[in-house]
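Thanks for coming. I have one model to go through today, and I will keep to a few local features. Please have a look at the sequence and the structure first.

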Amino acid sequence: MKIRRALFNPVVLSILAVVAGGAVWSGDAPAQTAGTWTTALVPIAGTVKGVPENVVFSGQAKVNSKLAPDPDFNRPSLVLTIDLTGLSGVGSSSRAKYIIAGPENVQRRVAASHLVEFTFPFARSGAMNLGSAQSGVASFALGFDPSTGAVTSASGNVTSAAPPR
């Protein structure tokens, strides 16, 4: 009796495995591409109470957002850069100028809205060193277009940091 070995040829089996694997892995997942940065200017104001004086902040925060692909899990993330350097801080008693250094980078899951809160350092202008830095809290309520990552609504405020427990 002759057995047809052509069906069990390793090359034929490899091709069948590749075709079957491709069918299983392809699914209906959308292709991910790198997102484009979008920018929103968010009015923000508030007072940080502290020593040697309270500091009143006002101005506009620049919120940059985009979707970032995740090739491992096929779920993009929302990437945010929130820059507070557009805020001006003024001491309530001395009228001295206070400055904020650098942006905050945040990554979140994609959703239609997020509450983002972070602590930021600030110091009297000309004295930005570790010994003179104070901290405040910036809070944002942000709405997003889940398909693009663009900010659709935004509000923000500045408050005092909670004392350590």
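How many aromatic pairs does the count come to? Five. The rule is that rings of Phe, Tyr and Trp, the last by its six-membered ring, pair if their centres lie within 6.5 Å; planes under 30 degrees apart are called stacked, over 60 edge-to-face, and the rest tilted.

Before the details, a word on the source. This is a predicted model, in which local features need pLDDT of at least 70 and side-chain atom pairs count only at pLDDT 80 or more, while totals for chains, interfaces and linings use all residues. Residues are numbered from 1 along each chain as its sequence is written, and side-chain values use heavy atoms, with hydrogens and water left out.

Back to the rings. A pair of aromatic rings is described by the distance of the centres and the angle of the planes. Among the five pairs is that of Phe57 and Phe120, which is edge-to-face, with 5.8 Å from centre to centre and 85° between the planes. It links distant parts of the chain: Phe57 sits in strand β2 and Phe120 in strand β7, residues 113–124, and the two are 63 residues apart. Strands here are DSSP runs of E, at least two residues long, numbered from the N terminus. Phe57 is buried, at 1% relative accessible area, and Phe120 is buried too, at 3%. Buried means under 20%, exposed over 50%, and partly exposed in between, with a 1.4 Å probe and protein chains only.

Tyr98 and Phe122 make another edge-to-face pair, at 6.0 Å between centres and 70° between planes. Tyr98 is in strand β5 and Phe122 in strand β7, 24 residues apart, so this pair also links distant parts of the chain. Tyr98 is buried at 2% and Phe122 at 0%. Ring pairs join Phe57, Tyr98, Phe120 and Phe122 into a cluster.

Now the backbone. Most residues other than glycine have a negative phi, and most peptide bonds are trans. Val51 and Pro52 are joined by a cis peptide bond, with omega about 15°. Pro52 lies in the loop between β1 (38–48) and β2 (55–68).

Which residues other than glycine have a positive phi? Asn74 has one near 55°, and Arg95 has one near 65°. Asn74 is in the loop between β2 and β3 (77–83), and counts as partly exposed at 32% relative accessibility. Arg95 is in the loop between β4 (87–91) and β5 (97–100), and counts as exposed at 61%.

Key: Helices (H or I, at least four residues) and strands (E, at least two) are DSSP runs, numbered from the N terminus.
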